[in-house]
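Subject: Handover of the two-chain model

Dear colleague,

I am passing the structure on to you with this message, and my notes on it follow below. Please read them with the sequence and the coordinates open beside you.

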Amino acid sequence: MSGSNYTIACLNCGTVNTVRGKAMTLAMTCASCKYYLRLGKWNTDRSIFSFKAEPAIPLGKKGKFDGVVYEVMGFVVKQETKYHYKWREYLLFNPMQGYAFLAEYNGNWNFVWPVEHGPKEGAPEIDFYHEDNYYRLYQKYRAEVVYARGEFFFDVVDLGESTVNHEYIAPPYVYTLEKNQDSILWCKGEYCSPGEIAKAFGMPVKTLPAKEGRGYTQPVITGFRAGSLIIASLAILILMIALQFFFNGTAKEEVVFSGTFNRNELKDQKFFVSSSFDLKGGTKSVEVDVYAPLVNDWFYADFALINETTGMEYNFSKDIEFYSGYEGGESWSEGSTRGEAFISQIPEGRYHVNIYPEFGTSNESFSMRVTRDVSSLSNFFVTVLVLAIFPAVFFIHTHIVEAKRWEDSDYSPYTTE
Amino acid sequence: MTHNKVYSCPGCSTAYEVQLERATLVVCRVCSEIITDAVNGSEKPKPAHIPDDWSFLQIGTTGVYKNYNFTVIGRLRLQLRNEYKNFWCAIYEGGKCLWIVESFGSFALFSSTWQEIKSESAHLHAGKKITLANKVELRGEYVEKCEGVSYTGEIGSWIFFYPGFFVMQASNASGQTAFITIKKSIAHILTGEKVTLKELNLKNILTWDEWK
């Protein structure tokens with residue numbers, strides 16, 4: 001069952017108009033003279049608009065949203081009364097679902113539908129939580145209809161002038177409150193990309209207004225939410241801490257060599273050779289600790305950990321300095337008499353260390369200790385740092401985009417006094 | 001008007017048996033003539049044809065709500081200044097009246113009887129808090145002037161059959177709702193609950209093929 005034989009003669013020019021919305025239509029524009037007609041019993045005022053506009057989606061066009069087919073019944077251009085910017089709204093209708101709206105500004109779209117219960121009560125200026133989202137007041141405004149075409153289920157012109165509008169956003173969602181003395185209407189909306197709108201109506205996206213900038217309800221990244229990222233990052237951090245505790249608990253930390261080397265034992269040699277020691281238990285880490293009894297002096301050495309079977313060398317160096325004194329009534333010191341080197345992934349085998357020392361002015365000796373299977377915090381911190389890069393970049397990017405989003409709002413949380 | 005009594009339409013002689021225990025009006029579905037009514041005085045109804053619209057309920061629509069089977073037997077349509085409200089009169093439990101109030105996909109059920117309230121009725125407005133006798137608090141959603149009343153079939157308890165009165169609906173987040181008529185500072189209230197279309201399990205509805 002379909003169609004409409006419902007007609008109304010224009011009160012201005014007499015043209016008989018077929019009324020698509022039948023008795024539900026309470027205001028419409030005449031197809032011939034373009035006058036805006038109020039069809040109510042006591043208000044039959046008619047008016048003409050000086051502003052002209054063309055809807056990007058033709059009246060009568062049908063589009064599907066969430067599986068529901070809607071027909072475009074009316075088109076209006078609204079102008080905000082304070083800053084005078086304009087946007088466009090399409091009135092959609094489905095007999096079972098009622099009406100909904102498509103709002104378009106700078107090529108950015110929102111699909112908006114009435115809801116039975118408002119998400120909040122109390123002062124309109126207060127932000128609120130609803131359905132796991134935090135909605136912030138984005139704008140409060142009055143608007144006038146500067147152009148209308150098609151049919152409407154309410155006097156869209158008069159209602160627009162008498163209504164104060166509040167919009168609260170939690171991208172991609174928006175709640176709108178239209179309030180006057182006679183009615184309170186809450187609607188919920190969701191951002192739609194131009195591609196989604198084009199697909200819904202089966203029309204080329206190039207016929208829609210070109211998209212400029214980011215829509216005020218356009219989400220930063222549609223793949224996941226900030227909350228999910230925080231939870232995932234915390235989960236990984238907890239896992240890393242647990243793994244660190246596990247490795248700390250299982251590390252044997254076996255001292256396989258410990259010795260002291262005196263400068264006078266060097267004689268004509270340029271390097272010391274430690275006694276041989278065995279590294280056991282497969283491939284594991286090795287830590288080399290160096291101590292030099294320095295007093296306002298320095299010590300430097302190149303080290304070569306050598307596998308006596310394969311000849312494989314693991315080279316590293318250590319530079320140790322320690323200075324102290326008394327100046328201006330205060331003691332001071334800088335540097336340290338100790339140094340350490342951590343080498344991971346050392347295969348088992350028989351090893352010794354060649355040490356190529358350079359002594360300072362007064363120091364005559366140093367000690368070296370080699371420990372097998374040592375847990376290291378450095379891997380943990382490096383991993384955490386790498387894991388933190390993506391969330392950090394995400395939140396910085398989000399902050400920049402959000403600050404930009406709120407530039408047009410009188411209620412920006414990013415404004416500093 | 002007597003329950004189960006058979007009346008003959010004065011216009012076309014069609015016989016009609018009153019189904020509701022407390023019916024106010026019976027309109028002939030064949031010729032739109034008033035078959036019988038239980039109204040006295042200035043509100044005595046005259047034939048008022050329902051205009052064509054896109055409603056998908058109809059007389060004969062059945063449904064189930066909370067184990068109650070109901071059948072729509074009448075319709076009263078209020079044309080408001082910026083809205084319309086269909087009061088679908090349904091019968092359940094052998095003679096009780098259930099109002100299914102519908103507009104633009106929004107539904108509410110009212111099985112209570114009208115109660116008169118006098119306090120502050122002249123000052124009702126959207127957003128106003130209303131406290132019912134059972135302490136339930138509601139907030140006004142809209143206040144509209146009624147510009148037209150039309151009806152067909154069998155109509156349960158109803159007060160105004162001529163436009164000019166005001167109507168208000170108030171609700172809360174729990175889905176409790178009230179429909180209020182206001183005329184000359186006297187208000188009558190009907191309490192009920194908001195429901196979804198799905199919850200009504202409707203059958204025998206009109207299918208508008210263009211929107212499939």
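Two strands are taken as paired here if DSSP finds at least two bridges between them. By that criterion, β21(A) and strand β25 (residues 349–359) of chain A are an antiparallel pair that extends over 9 bridges, and within this pair A304(A) stands opposite N354(A) in β25(A). Please keep in mind throughout that this is a predicted model.

Confidence

The model as a whole scores ipTM 0.93 and pTM 0.78. For chain B the pLDDT averages 91, and 98% of the residues score at least 70. Among the elements of chain B, the highest mean pLDDT, 97, belongs to strand β7 (residues 84–92), while the lowest, 85, belongs to strand β11 (residues 129–131).

Overall form of the chains

Chain A contains 4 helices and 26 strands. Its radius of gyration is 38 Å, well over the 22 Å that the globule rule gives for 417 residues, and chain A is therefore more spread out than a compact globule. Taken along the principal axes, the C-alpha atoms of chain A fill a box of roughly 120 × 60 × 35 Å. The chain is divided into domain 1, covering 49–219, and domain 2, covering 252–374, and the centres of these two domains of chain A, taken over C-alpha atoms, are separated by 73 Å.

Chain B, for its part, has 1 helix and 15 strands. Its radius of gyration of 17 Å agrees with the value near 17 Å that a compact globule of 212 residues would have, and its C-alpha trace spans about 50 × 45 × 35 Å along the principal axes.

The contact between the chains

The contact between the two chains takes 27 residues from chain A and 32 residues from chain B. On the side of chain B that touches chain A, the element that gives the most is strand β12 (residues 137–155) of chain B, with 7 residues. The residues of that side of chain B divide into 13 nonpolar, 12 charged and 7 polar.

Strand β14 (residues 164–170) of chain A is joined by 7 bridges to strand β15 (residues 173–179) of chain A, and the two run antiparallel. They form a hairpin with 2 residues between them, and H166(A) stands opposite L177(A) in β15(A). The loop between β14 and β15 of chain A is also the place of P172(A), and the peptide bond from P171(A) to P172(A) is cis, with omega near 15°. As background to this detail, most peptide bonds are trans.

β15(A) also pairs in the antiparallel sense with strand β16 (residues 184–192) of chain A, over 7 bridges, and these two strands form a hairpin with 4 residues between them.

An open sheet of 4 strands in chain A has the order β17-β26-β20-β24, with antiparallel pairing. Its edge strands are β17 (254–262) and β24 (338–346) of chain A, each of which pairs on one side only, and neighbouring strands of this sheet are turned by 15° against each other on average, direction ignored. β17(A) is joined by 8 bridges to strand β26 (residues 365–372) of chain A, and the two run antiparallel, with T260(A) standing opposite S367(A) in β26(A). In the loop between α3 (226–250) and β17 of chain A lies E253(A), which has a positive phi of about 50° although it is not a glycine.

The pairing of β21 with β22 in chain A

Besides its pairing with β25(A), strand β21 (residues 297–307) of chain A is joined by 10 bridges to strand β22 (residues 313–327) of chain A, in an antiparallel arrangement. F299(A) in this pair stands opposite I320(A) in β22(A). β21(A) and β22(A) form a hairpin with 5 residues between them, and G311(A) in the turn has a positive phi of about 80°.

With best regards

Terms used. Residues numbered from 1 in each chain as written. Chains lettered and ligands numbered in written order. Predicted model: local features only at pLDDT ≥ 70, side-chain atom pairs only at ≥ 80, totals over all residues. Contact = placed C-beta atoms within 7 Å. Nonpolar A, V, L, I, M, F, W, Y, C, P; charged D, E, K, R; others polar. Axes fitted to C-alpha atoms, helices over the stretch in contact; angles between N-to-C directions. pLDDT = per-residue confidence, 0-100. Domains from an automatic or database assignment. Rg over C-alpha atoms; globule rule 2.2 N^0.38 Å.
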